[in-house]
Structure formats: C-alpha cells, structure tokens
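This report describes the fold, the packing and some backbone features of the protein shown below.

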Amino acid sequence: MSKNTPKAIRGTQDIFGADAEAFAFVVETFERVRKLYRFRRAEMPVFEKTEVFSRAIGETTDVVSKEMYSFEDRGGDSLTLRPEFTAGIARAYLTNGWQQHAPLKLATHGPLFRYERPQKGRYRQFHQIDAEIIGAAEPQADVELLAMADQLLKELGIEGVTLHLNTLGDADSREQWRAALVEYFGKVRGELSEDSQERLKKNPLRILDSKDRRDQQFLADAPKIDDFLTDEAKGFFETVTSGLDAAGVTWKRAESLVRGLDYYRHTAFEFIPDEGTAAADALGAQSTVLGGGRYDGLMESLGGAPTPAVGWAAGIERLAMLVGEKAEPRLEAIVLVEDDRGLTAAIELLGQLRAGGVVAEIMASGSPKKRYDKAVKQQPRAILRVGASGYDTFSGDLSPGLKEVLTRRL
Ligand code: ATP
Ligand code: MG
C-alpha cells in the first residue's frame, strides 16, 4: 500500500471471506425467520433530520449527547446518520400513515453509526437486524417478538445465550421507582462516578446500568421496581412471562436491567451470553447481542398519537462472531474448455448449470495444461470437459443437481 492511499475510517470494517459469509448467514437466517412470523420488510433512509433522534431518543442519552454523527447539509439542515432504527421507523410510521396497517410487524436491517471508542465488537459503523411491532398494546406482542428472537438465535446455532428480562412498569410505577432511586443514590451522591452524579439529575434509572465500580457497590441494595409496580403493570409482566414459558423461551429475571433510551415502558430485555461459555469468551466485554423493549411513549415525542409498540435490535457483527466462520459455498462444477473451438458450447453449458442451481465456474484461460491444473486445484466436485465439438466427459463425482442438468441435456 502506498503512503498516498487513504486509510479506512477508524471504527469501520471491510468484511470479506469467511467473516462476510457469517455476516450474510445472519441476515439470511433473519430473513427466513421473520417471514415465519409474518414480519413485513421495510427500508428506511440512512439519514434523518437530527431532531428525529434528539426528540425520540432523548437529549440526555449517551447516544444523542455523545455518539451521533450529525452534520449540516448544503441546504443548511441539520442531519444525522442513524444511530438506531426505531426513531426512523417511528418517523416513517407517522409520515406515511402506516397506522392503517396496525398492528404492524416490521423487520429491517442495515448500517448504523455511532461515535464510540472502537474495540472488539464495537464499531463506529456497525449493522443491526431489527424487529418491531407497532400499534399493539397487549403483552402477547412482547411474547411474539421475543419468541422470534429466541428462534432466530437457535436457528443461527448460537448456544449459551440467555434472555435477561425486566419490567420498568407503566408510567406510574416508573415515576415512583425513579423517585426512590433519586432518594437512595442522593444519599451517596459524593461517592458516585461523575457520570452518575449527572445521571442522578437527568435519568437516575441509568445509574443501574453503570459499569463504573464506584457506582456498582451501591447497586445491589438499590430500590427494586417490584416494590413499585401497579397491579396493572404486574399483571402485564406476568402475562409476558407465562407466554414465554408456554412458547418454550428460557428467561431469567434481571431486576436492574434498564434500557439506555428514555422511551421504554414495561418489558425491557437483553440476550446475554452465560458466563464461562464460548459465546462469552468470543464477545469479551461487548457481551449483549440483542436488546429491546416496549416503547409506548415514543410516537408522542414525534408529535404522533399515543401508540404502543415493542421492538428489538441485534448487532450483526456480534451475532456473526458467535456463529463462527462460515465457508463460502462449495464449488460443484468447473467447465473446463480444453479447446477454444468449444467455447460457445461451454458458455451454454455453464448457463444451464447455474440456471439449474449448480455452483459452477468456467476455466478458459492459459494453456490447456495450466487450465486443467488450475481446475483441479480449486477442488470442484466435478470437472466437465469441453472439447472442439462440445461437452465431452467428466471426472470427479456428480452431485444430484449436476446429474439432473446433464441428463436434461441429452
Ligand atoms: P452496548 O451496551 O453494547 O453499548 P447498546 O445498549 O448501546 O449496547 P442498543 O442500542 O440496544 O445497544 O443496540 C442493540 C445491539 O446493537 C447491541 O446489543 C449490540 O449487539 C449492537 N451494537 C450496539 N452498538 C454497537 C456498536 N457500536 N458496534 C457493534 N454493535 C453494536
Ligand atoms: Mg451503546
């Protein structure tokens, strides 16, 4: 590489080979599973007006206050590269009148951008798969959404990852819990991290999420949401958990799990590798693979009518690390052009093979001896030899698909 060649941007990745196959495997499996649950596909812009995120996610969150890529475009508008999907989906729901489809099950995937400190499993451009159910207030929607996440992880072959589940209660429960947390942490304010002293003013729930040791010593004895749940909120959570049990989804109660974003109510969850498993080793500190919850308050922050909704997002790169390397598809046949007079016949044969679903390549450059050596080196299941007068013979072993195409030609 010349000194003159520009480098890639810090925190971005060029994904290739087995890693790229693993990435594609995650997306393909997600596409298959979301169809089983009848989630409809949507594509949204990669950028939005900055206010879409600042209003929907909340000015006080880390994402909005520290991590957004915002810029002024040539027309003077403040735009932001999306740091998450939900806010843009909510904007699209309102601007397109998708209320007519409610309850709407939506799925999407693509790149997101956050200005973070890059490390293993944490990038500045990363990718998520995302699923949302919008316009559904009933706990059955939470169950459906979580069952899909669980089935996805199973179909990806990922083991040792458990659903950690909490409830944040309804607005009333959350408000009382918040007040109790402010009182509790207020007494030890001076001993908290600087960040948490700030959180105490703006969003005390997030202190429970702190990774700082100065804060963590106080977490075990902090007030618990269960002491503040209204009967209604308690009933909602019980319906979710019994639905999960019926659906065969294993879960674990995580009393201090809160989500980073302001608009969450009721169900909040993360799928996290169990300690000591290969999955935990593979991910290191960046352990959460999938997270989400119910965000009943979000649509209002964008000027919409109150709209109950629940959703999750999962990092494709983190999931890809857990599915391990995936081999590129096995080469089934090489059409070996032994005599250039047979080139037309070879191209025709190649087209028929691929149309018949056979993974095939053509070898038609270099000397005849070199062509043969190069073909053997690629280790296809079969080499189909094409001479001056067309397809001649084969060596190797014919897969059923290959056999079928060749039989049809006769
Ligand atoms: P974390 O606690 O790891 O910062 P988060 O709470 O910010 O995660 P969400 O906003 O809930 O994450 O995003 C859902 C998922 O997207 C995460 O569980 C993770 O798998 C993935 N993710 C989030 N940020 C990044 C990143 N910077 N690089 C790679 N993956 C990410
Ligand atoms: Mg984060």
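## Backbone geometry

Arginine 38 sits in the loop that connects α1 with β1 (40–41). The model is a predicted one, and in it arginine 38 has a positive phi of about 55° although it is not a glycine. With a relative accessible area of 69%, arginine 38 is exposed. Histidine 266, which is not a glycine either, likewise has a positive phi, here of about 50°. Histidine 266 belongs to strand β9 (residues 265–273), and because its relative accessibility is 10%, histidine 266 counts as buried.

A further feature of the backbone is the cis peptide bond between alanine 102 and proline 103, for which omega is about -5°; proline 103 is placed in the loop between α4 and β5. As background to these cases, most residues other than glycine have a negative phi, and most peptide bonds are trans.

## Overall architecture

The protein chain has 410 residues, of which 48% count as buried, and its secondary structure comes to 15 helices and 15 strands. Taken along the principal axes, the C-alpha atoms fill a box of roughly 90 × 55 × 50 Å. Of the contacts between residues at least 6 apart in sequence, 72% join residues at least 24 apart.

The chain is divided into two domains: domain 1 is made up of residues 17–170 + 230–323, while domain 2 covers residues 333–409. The C-alpha centres of domain 1 and domain 2 are 47 Å apart.

## Nonpolar cores

The largest nonpolar core has 50 residues, and those with the most contacts inside it are Ile134, Trp177, Leu181, Phe185, Leu192, Leu208 and Tyr295. Two or more residues are given to this core by each of α2 (50–57), α3 (62–67), α4 (86–95), β5 (104–113), β6 (125–134), α6 (171–186) and α11 (298–301); the element that gives the most is α4, with 5 residues. A second, separate core has 45 residues, among them Val26, Leu165, Phe236 and Ala314.

Leaving out residues up to four places away in sequence, leucine 208 touches Trp177, Leu181, Phe185, Leu219, Ala222, Ser256 and Val258. In soluble globular proteins, nonpolar side chains tend to be buried together.

## Surroundings of isoleucine 207

Isoleucine 207 is found in the loop between α7 (194–202) and α8 (213–216), and with a relative accessible area of 0% this residue is buried. When neighbours within four places in sequence are set aside, isoleucine 207 is in contact with Phe185, Leu192, Ser196, Arg199, Leu200 and Leu219. Tryptophan 312 lies 105 residues from isoleucine 207 along the chain, and the C-alpha atoms of these two residues are separated by 22 Å.

## Packing of α1 against α12

Helix α1 (residues 17–36) packs with helix α12 (residues 316–323) at an angle of about 110°, their axes being 8 Å apart. The two helices, α1 and α12, are therefore roughly perpendicular to each other, since angles of 65 to 115 degrees are counted in that class.

On the side of α1 the contact is made by Ala22, Phe23, Phe25, Val26 and Val27, and on the side of α12 by Ile316, Glu317, Leu319, Ala320 and Val323. By class, this contact of α1 with α12 has 9 nonpolar residues, no polar ones and 1 charged residue.

Definitions and conventions. Residues numbered from 1 in each chain as written. Chains lettered and ligands numbered in written order. Predicted model: local features only at pLDDT ≥ 70, side-chain atom pairs only at ≥ 80, totals over all residues. Heavy atoms only, no water. Core = buried A, V, L, I, M, F, W, Y, C linked by side-chain atoms within 4.5 Å. Buried < 20%, exposed > 50% of the residue type's maximum accessible area, 1.4 Å probe, protein only. Helix = DSSP H or I, 4+ residues; strand = E, 2+ residues; numbered from the N terminus. Contact = heavy atoms within 4.5 Å. Domains from an automatic or database assignment. Axes fitted to C-alpha atoms, helices over the stretch in contact; angles between N-to-C directions. Parallel < 35°, antiparallel > 145°, perpendicular 65-115°, else oblique. Nonpolar A, V, L, I, M, F, W, Y, C, P; charged D, E, K, R; others polar.
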